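Have a look at the structure first, then read on.

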Amino acid sequence: MNWKGVIPAMTTAFKPDLSVDHPFIAKHARWMIDDGCAGIVALGSLGESATLGFDEKVEILGTIVNALDGRAPLVAGIASLSTAEAIELARAAQDVGCSGLMVLPPYVYSSDWREMKAHVQAVMRATKLSCMLYNNPIAYKTDFLPEQIRELADENPNLQAVKESSGDVRRVTAIKAVCGARLAILVGMDDALVEGVRAGAVGWIAGLVNAFPAETIALFNSAVAGSKKADELYSWFLPLLRMDTVIKFVQLIKLVQEEVGMGSERVRPPRLTVGGAERKTVLATLSYALKKRPKL
């Protein structure tokens, strides 16, 4: 598994009855790969994993594997309430043809390093698939510190990457300081992309890419190249990218998808589609961005 480039954290499309829309999921995945994305991450936070049943998750993975048809790797997000279910899902992801796993701490329960290490390590050791540790202390209340990440890397050869979403770009350099080139570091928050790449990140688990793949690829490539174009694109894109870092990020990104003609804003409860002043603000931000959309 090559943990470099833009890898979308893919949304999960639903039909009007809120069942999974498999035909659109396949279309959406192919569309992003056609525009140059390096792979797909499914069943993450943006994919509303917590609202999906176990069988639905496996079926979604199968749909995307078939849609990609070997053109790009699929990474399965592995999150659950229990370690046993996380292990079961990891093994099912391997069986269905996934190339890697994004390993999250357990839902709801956040504890000390001993327990969190035991959970993520059990998932990593459940298969031989390449693994990316997802560090998002803001959302999951578990913060994997650089020295703890190094410990996991030393003991688990298939841990090969970290999705860094602490909100502190200094973590990129801190992880590199203790792990060297052992792990690929990927930016996990859209509005930290340029800063993260300049600190040494080699990939981006992106959110707004679900609606703007071409612009996302252009921004990442220009940031890696150190081009002045990166600052120009970033300035244009930031009002949209910031939608990836708020509580209702799923609703906002799906609304943007619908407005650009690539998806529906439908979400599963307890989420509800945004309305009122909140909706007007999002649509005004998007409208302005579309008017100023750069030529690539």
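## Helix 2 and its neighbours

The buried residues of helix 2 pack against helix 1 (22–34), strand 2 (40–42), strand 3 (74–78) and helix 3 (83–96). Keep in mind that this is a predicted model. The buried set in helix 2 is Lys 57, Ile 60, Leu 61, Gly 62, Thr 63, Ile 64, Val 65, Ala 67 and Leu 68.

Just past the end of helix 2, Asp 69 has a positive phi of about 50°.

## Helix 2 against helix 3

The axes of helix 2 and helix 3 are 10 Å apart, and the packing angle is about 25°. The two helices are therefore roughly parallel to each other, and their crossing is right-handed.

On the helix 2 side, the contact uses Phe 54, Lys 57, Val 58, Leu 61, Gly 62 and Val 65, while helix 3 brings Glu 85, Glu 88, Leu 89, Ala 92, Ala 93 and Val 96. Sorted by class, that contact has eight nonpolar, one polar and three charged residues.

## Helix 6 against helix 7

Further along, helix 6 (residues 146–155) and helix 7 (residues 170–179) have axes that come within 9 Å and cross at roughly 45°. That makes helix 6 oblique to helix 7, and the crossing is right-handed.

Helix 6 makes this contact with Pro 146, Glu 147, Ile 149 and Arg 150; helix 7 uses Arg 171, Ala 174, Ile 175, Val 178 and Cys 179. The class count here is six nonpolar, no polar and three charged residues.

Notes: Residues are numbered from 1 along each chain as its sequence is written. This is a predicted model: local features need pLDDT of at least 70, side-chain atom pairs count only at pLDDT 80 or more; totals for chains, interfaces and linings use all residues. Side-chain values use heavy atoms; hydrogens and water are left out. Axes are lines fitted to C-alpha atoms, for helices over the stretch in contact, and angles run from 0 to 180 degrees between N-to-C directions. Helices (H or I, at least four residues) and strands (E, at least two) are DSSP runs, numbered from the N terminus. Angles under 35 degrees count as roughly parallel, over 145 as roughly antiparallel, 65 to 115 as roughly perpendicular and the rest as oblique. A crossing is left-handed if the near helix is turned anticlockwise from the far one by less than a right angle, and right-handed if clockwise. Contact means heavy atoms within 4.5 Å. Ala, Val, Leu, Ile, Met, Phe, Trp, Tyr, Cys and Pro count as nonpolar, Asp, Glu, Lys and Arg as charged, and the others, Gly among them, as polar. Buried means under 20% relative accessible area, exposed over 50%, partly exposed in between (1.4 Å probe, protein chains only).
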